[in-house]
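Please look at the structure below and read the questions that come after it.

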Amino acid sequence: MSEKILITGNEALAEAAIRAGLEAYFGYPITPQNEITEYMARRMPEEGRVFVQSESELAAINMVFGGAATGKRVMTSSSSPGISLMQEGISYLSGAELPAVVVNIMRGGPGLGNIAPSQSDYFQATRGGGHGDYRTIVLAPSTVQEMADLMFPAFDLADLYRIVVMVLGDGVLGQMMEPVLLEKKQTHRKLPAKDWALTGCAGRSQNIVKSLDLVVPRLEKRNLMLQEKYRRIEENEVMCEGHLLEDAEIVLVAYGIASRVVRTVVSRARKEQIKAGWIRPVTLWPFPSRQIAAAAERARLFLTVELSYGQMFDDVRIAVAGKAPVHFTGRAGGAIPTVEAVLDEVKKLMQPGKVAVER
Amino acid sequence: MKTVFERTETLYDRPTHYCPGCGHGVIHRLIAESIDELGLQGRTIGIAPVGCSVLAYNYINIDMIEVAHGRAPAVATGLKRCSPDMIVFSYQGDGDLASIGAGEILHATHRGERFTVFFVNNAIYGMTGGQMAPTTMLAQTTTTTPTGRRSNREGYPLQVCELLATLPGAAYIERCSVHDAAHIRKTKRCIRHALQLQLDGVEGLGLVEVLSPCPTYWRMSPSDARKWLEEEMIKVFPLGRFKG
Amino acid sequence: MTEKNCREEIIFAGFGGQGVILLGKLMATAAMKAGYEVTYIPSYGAEVRGGTANCSVIIDNEPIASPLVTEPDTLIVMNQASFDKFVPKIKPRGLLVMNTSLIETPPDRDDIEVMGVAADEIAHQLKSPRSANMIALGVYLKKRGLLTPQQVAESLPYVLAKRHHDMLDVNTRALMHGG
């Protein structure tokens, strides 16, 4: 298909997952991502692949655990409250080093919250989310096209590193429609054979998929191996983009839907002679700390913009490491910062002679 | 010399970590023997639960996966749907299956998933040190029912076979026991039958509940434990076929 | 697409069942096929059921950064509740297309252009009461001229569910009517 079609983010993501070789989908309905589950219910059987509507998110992530253990490409999708329920399973997947893709189309919280867009699950997504010292790779699309395109690296990274990859969108990205070119985007990564998979032990010794180790030095060693893997990922897999950073005095940092607000803000600020630039992390973990640190060598100050009350803000501050003040503006509970409000904040911060104090 | 016992191939030759008089070792052996008799060692995936038998993969030499507490039927669903040609079984205790995993076993049965469940009921939490299970008997003393289980406080012992047999998705449900040699032989036939049904592609879930002694946390000698199982437990958990 | 910086932000609003979501999808699809960049965001979920429905569409000849519409250039509104909610948001010198069949009061703004159309009455006259939405869109297209009614009608088969394809002709006629 070489013609653009108008399609929702949820549907684009679902179709791309199928084209990326998804073999089994397990999920439980929750707004605002039901289109993914419904799309899979229709398309997966057409392709002769597995679809199961589970009895809960808890069951869904454990079906993913079982499916992943057989070496198949598997995924689930949910929204914030459901992702909280899945954290146990994500920890087990991480402990057993099983590859899987988990999609979170974030909504307003905490608790049942609402079904409007949000970015308030950043901490949960980027710090592991469940118990234990582990990480998940977190990809943050910002357009419907990217909702589709990022599914290809999502599955490849999961297989390459035997890790959970979380695709972190929000209610707007899931529900909105934009023209999309649906293609098979090869990442050309050389993927290791899944010789650990449970395929029956005929002709080889027993494979065991597990996370338990009652012997302290062995579990410590296993943790050190995981940490070493996470360092390799931090070294090699950062994705981010930036614009107008060469002479930027103020750098706006935002991801996902907020990054699109920020692009408009920056172009309007430039028209008003404010030297603004922007950085958009595509991977939230590994975080583009180096790129932000490099920008901090030149910029006078930073402003993070989020649909939360300052979560990625912490990572930006860690990356900037005191070289410049880092400010925050954002809204949550389903509200979205407007271009006008963010632009006002930029102007306020850039007032001549203003002493910048954080936050 | 006449051979009276031979270790079956799928069972590892190693010392057990189970307590004296525990039923797990026997049940492991019956499963391993059934797998070998049906020639399934190379095409079976087993699920080890959370509980005393979490290390089942150290005894049963097949591909195995260890899962979160109670989630075995969901994991089994993922395994079997993704690999329909494999024989998939879960091995679950009473806390795992009847308490924390009650939702998962109910819905896996409800969907008619085509895997096999070996449900070991010893009326107690063993691994965590003798707390009340859903299947704990009335008046039975545990560390969390120090004055004995009371129906008006902790409810009645949960009868899993009776409950699941009401679901159309259940293909085969039977309760047996390992308190003596005759019942061990009968249990073996049930385990083998359940695996055979899966091998034959029968639609629906198969579950074999095995009443099993826990002398350590029943605070009894192994022989008293077997006697208590026979005289008391079977009254509340009657043996027999409930479905299929 | 000869104009530079041609950009139009539209909100479509009404109650559930009036077809405003369909209008948004139709406009976005037609604009995409005409070579524009487009974004479309619906109101979704529980808030749609039984209550008001709305969606926003941006049409631009340059890539669209923020897809969020806070102050639309145009509001196409089909009922009173949505009228009350969205009229204050219209940009100064913006355009209001209102369904006078169901909205009785005129807007209390004098800085916007107002086009009233008795969309339900006209749809009844056309013997297609469910095409009131297309009547309103036709009025808008005649005024703004970003796309012709014919261009928009050509996209109807892509957005109208197959089971409603018997309505392609009447909807096309309603679009061409122009109020």
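Predicted model: local features only at pLDDT ≥ 70, side-chain atom pairs only at ≥ 80, totals over all residues.

Residues are numbered from 1 along each chain as its sequence is written, chains are lettered from A and ligands numbered from 1 in the order in which they are written, and side-chain values use heavy atoms, with hydrogens and water left out.

Q: Which chains have the most contacts among the two pairs of chains that touch?
A: Contact means heavy atoms within 4.5 Å. Chain B and chain C do not touch, and their nearest C-alpha atoms are 27 Å apart. Of the two pairs of chains that touch, the one with the most contacts is chains A and B.

Q: How much area do chain A and chain C bury between them?
A: In this interface, 25 residues of chain A are in contact with 19 residues of chain C. Buried area is the accessible area (1.4 Å probe) that two parts lose on being put together, summed over both. Carbon and sulfur atoms carry 70% of the total, which is about 1,600 Å².

Q: Which side chains meet in a salt bridge between chain A and chain C?
A: A salt bridge is a side-chain nitrogen of Lys or Arg within 4 Å of a carboxyl oxygen of Asp or Glu. The count between chain A and chain C is one. At 3.7 Å, N to O, the two partners are Lys33(C) and Glu3(A).

Q: Which element gives the most to the side of chain A that touches chain C?
A: Helices (H or I, at least four residues) and strands (E, at least two) are DSSP runs, numbered from the N terminus. Elements that give two or more residues to this side include β1 (5-8), α8 (171-175) and α13 (339-349) of chain A. With five residues, the one that gives the most is α10(A).

Q: How many helices and strands does chain C have?
A: Along the sequence, chain C follows the pattern β-α-β-β-β-α-β-β-α-α-α-α-α. Its secondary structure comes to seven helices and six strands.

Q: What share of the residues in chain C is buried?
A: Buried means under 20% relative accessible area, exposed over 50%, and partly exposed in between (1.4 Å probe, protein chains only). The C-alpha trace of chain C spans about 40 × 35 × 35 Å along its principal axes. Of the 179 residues in chain C, the buried share is 54%.
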